[in-house]
Amino acid sequence: IVESRRDGEAVRQQVIATLVNSGKAEEAVPIIDSLVKANPGDPQYMRTRWLVLRAAKRYKDAVAAGQAYAAADPTVTDSSYYLRMIADYGSDSAYAKASEMAAMATQKYPKSATLWALKAQNERKAGQIPAAVQSLHQALANDPKAPGLQMLLAQLYVDQNQPDSAVAAVK
């Protein structure tokens, strides 16, 4: 019985992969949901559910699934986890939450110009312009030649009606 259950789960995982790879992630959601329900707390199934929900563009659900996955296995919170979670929040127009997630990421990875830049972008979208300027300065301190950061800084200065500073930022 145990062996046949594992075989059934393996077949379901293959079906999930096939559906997601063929652009039908939404059809895979009930299948992964049943696997998670049958295997509560299993980080691998939780990870698969999170990724399937992301592929299905169900970002609110994906955020919750990503949080549950990290709660089940805190070791998964690497930089790619944060990048995906920030993207999920942003895709759901939850820019303040995305900037909070980016803040957590920059605490763990303080030398990542990419994470600081994402924090700045989401702070800007959330209307937190002064915070975005500070985050962007940190990104530039970490990597002064990172592409696009000077232009984003100029845009932030334009947002604050500081055209002279905007011009200086792009020079």
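Let's start with the exposed side of H8: Pro130, Gln134 and Ala141 sit there. Exposed means over 50% relative accessible area, buried means under 20%, and partly exposed is in between (1.4 Å probe, protein chains only). Keep in mind that this is a predicted model: local features need pLDDT of at least 70, side-chain atom pairs count only at pLDDT 80 or more, and totals for chains, interfaces and linings use all residues. Residues are numbered from 1 along each chain as its sequence is written, and side-chain values use heavy atoms, without hydrogens and water.

Now the other side. Which residues of H8 are buried? They are Ile129, Ala132, Val133, Ser135, Leu136, Ala139 and Leu140. These residues cover an arc of only 165° around the axis, so they lie on the same side of H8. The arc is taken from the directions from the helix axis to the C-beta atoms.

What do the buried residues of H8 pack against? Helix H7 (113-125) and helix H9 (149-159). Contact here means heavy atoms within 4.5 Å.

A word on helices. They are DSSP runs (H or I, at least four residues), numbered from the N terminus; strands are E runs of at least two.

Next, two loops. Lys57 is in the loop between helix H3 (43-55) and helix H4 (59-72). Its phi is near 60°, a positive value in a residue other than glycine. Lys57 counts as exposed because its relative accessibility is 59%.

Asn161 sits in the loop between H9 and helix H10 (163-170). Phi of Asn161 is near 60°, positive in a residue other than glycine. Asn161 is exposed, at 65% relative accessible area.
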